[in-house]
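Please read them with the structure open.

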Amino acid sequence: MPASLCLIIATFLWGSSFISLKYAVGAYDPTIVIFLRMLTTLAVSLCLWRFVKRFEYQKGDWKYLVGMSLAEPCLYFLFEGHAMEYTSASQAGVIVSCLPLIIAVLAFFMLKEHISRAIIVGFTLCIGGSILLTAVSPSSEQAPNPLLGNTLEFLAMMCAAFYTISVKHLSARYAPLTLIALQGLAGSLFFSPFLLFVDMPQEHDPIAFAHILYLGTFVTLGGYGMYNYAISKVSVLTAAAYSNLIPIFTLLLSAIVLSEVLTLWQWLSIAVVFVGVMVSQRHQAVVVDMEEDDINLDADTNKRKSVPATGELKG
């Protein structure tokens with residue numbers, strides 16, 4: 001399957017996760033939701049064990065494996081699960097727009113990838129738009145405390161960015177299902193002690209429970225599986241660029257499923273974020289042009305080398 005198609009499917013599934021998570025946390029405590037989601041992922045991964053066990057461990061990988069698991073699902077879902085208690089699904093989806101730019105900054109420090117002025121300007125616009133979105137968003141039934149909710153969602157994006165960098169480093173030696181199984185195990189162990197401090201519901205909501213199963217199978221297993229496979233085929237920044245589709249899918253699904261309505265100022269904030277994202281994409285074009293120039297230069301060099309020398313012609 002083409003990497004681009006995998007990334008589109010992954011972003012659609014992640015965009016839909018905000019809707020399901022909003023339903024689930026409305027019936028269960030976020031800790032319960034995330035624990036059951038991770039347990040579902042782990043159970044399905046165990047059923048696919050013959051694919052999970054394929055990996056080549058190398059010395060020092062434990063640092064990246066532990067860091068990846070701690071960032072996502074542990075801290076990521078802890079932040080995002082509680083964020084959905086205080087902000088709307090559509091606002092959370094817009095905060096996700098900052099993810100490619102955060103990944104670009106981390107890639108510069110951790111992978112030594114080039115970062116341009118376009119990335120810096122775009123990052124500034126996205127952060128400014130997110131702050132504006134938070135400031136102008138009124139409290140509502142869907143978003144009782146948007147300031148706290150959007151802040152938690154932004155911290156979740158920081159964790160997601162670190163996860164992406166870690167997966168890029170590990171994807172050459174570990175199958176996508178192997179990394180997902182590790183996420184399911186780490187998430188189940190991390191969130192299980194929190195169950196001691198939450199009240200278990202007296203009655204169960206079958207619709208909310210179905211959303212949890214959807215999150216654990218299609219979103220975590222399917223979405224992360226597609227993403228982990230794709231990121232092994234393309235660069236980090238190319239994969240990150242596709243996350244711009246997440247807020248689009250979230251906004252569309254929020255309007256259709258949750259009947260959420262955004263104000264004019266909220267749409268203006270969203271526009272600022274998207275302008276920042278569009279500016280940052282100039283970085284992609286510059287990198288591609290530079291790579292093409294290098295290829296052409298190499299081709300010209302090889303062509304010149306292939307021309308016989310004068311002495312060779314005489315011989």
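1. Start with the largest nonpolar core, which has 66 residues. Val33, Tyr76, Ile103, Met157 and Tyr227 touch the most other members. Bear in mind that this is a predicted model.

2. Take Val33 as the way in. Leaving out residues up to four places away in sequence, Val33 touches Leu21, Ala24, Val25, Tyr28, Ile212 and Leu215. Val33 is also one of the buried residues of helix H2.

3. Helix H2 covers residues 30-47, which makes 18 residues. From first C-alpha to last, H2 reaches 26 Å, close to the 26 Å expected at 1.5 Å a residue. Asp29 caps the N-terminal end of H2. There, a side-chain oxygen of Asp29 lies 2.9 Å from the backbone nitrogen of Thr31.

4. Thr178 counts as buried, at 10% relative accessibility. Setting aside neighbours within four places in sequence, Thr178 is in contact with Phe51, Val52, Lys53, Arg54 and Phe55. Gly225 is 47 residues from Thr178 along the chain, yet their C-alpha atoms are separated by 9.4 Å.

5. On cysteines: how many disulfides are there? The count comes to zero. Cys74 is in no disulfide, and its nearest cysteine sulfur, that of Cys159, is 9.7 Å away. A disulfide here would need the two sulfur atoms within 2.5 Å. Cys74 is buried, with a relative accessible area of 3%. Cys6 is buried too, at 2% relative accessibility.

6. Now the whole chain. The protein has 14 helices and zero strands. Of its 315 residues, 48% count as buried. Among contacts between residues at least 6 apart in sequence, 92% join residues at least 24 apart.

7. Last, the surface. The accessible surface of the protein comes to about 15,600 Å². Carbon and sulfur atoms account for 68% of that area.

Conventions: Residues numbered from 1 in each chain as written. Predicted model: local features only at pLDDT ≥ 70, side-chain atom pairs only at ≥ 80, totals over all residues. Heavy atoms only, no water. Helix = DSSP H or I, 4+ residues; strand = E, 2+ residues; numbered from the N terminus. Buried < 20%, exposed > 50% of the residue type's maximum accessible area, 1.4 Å probe, protein only. Contact = heavy atoms within 4.5 Å. Areas by Shrake-Rupley, 256 points an atom, 1.4 Å probe, with all protein chains shown as cover. Expected span 1.5 Å × (residues − 1). Polar contact = N/O pair within 3.5 Å; in protein donor to acceptor, adjacent residues only side chain to side chain. Core = buried A, V, L, I, M, F, W, Y, C linked by side-chain atoms within 4.5 Å.
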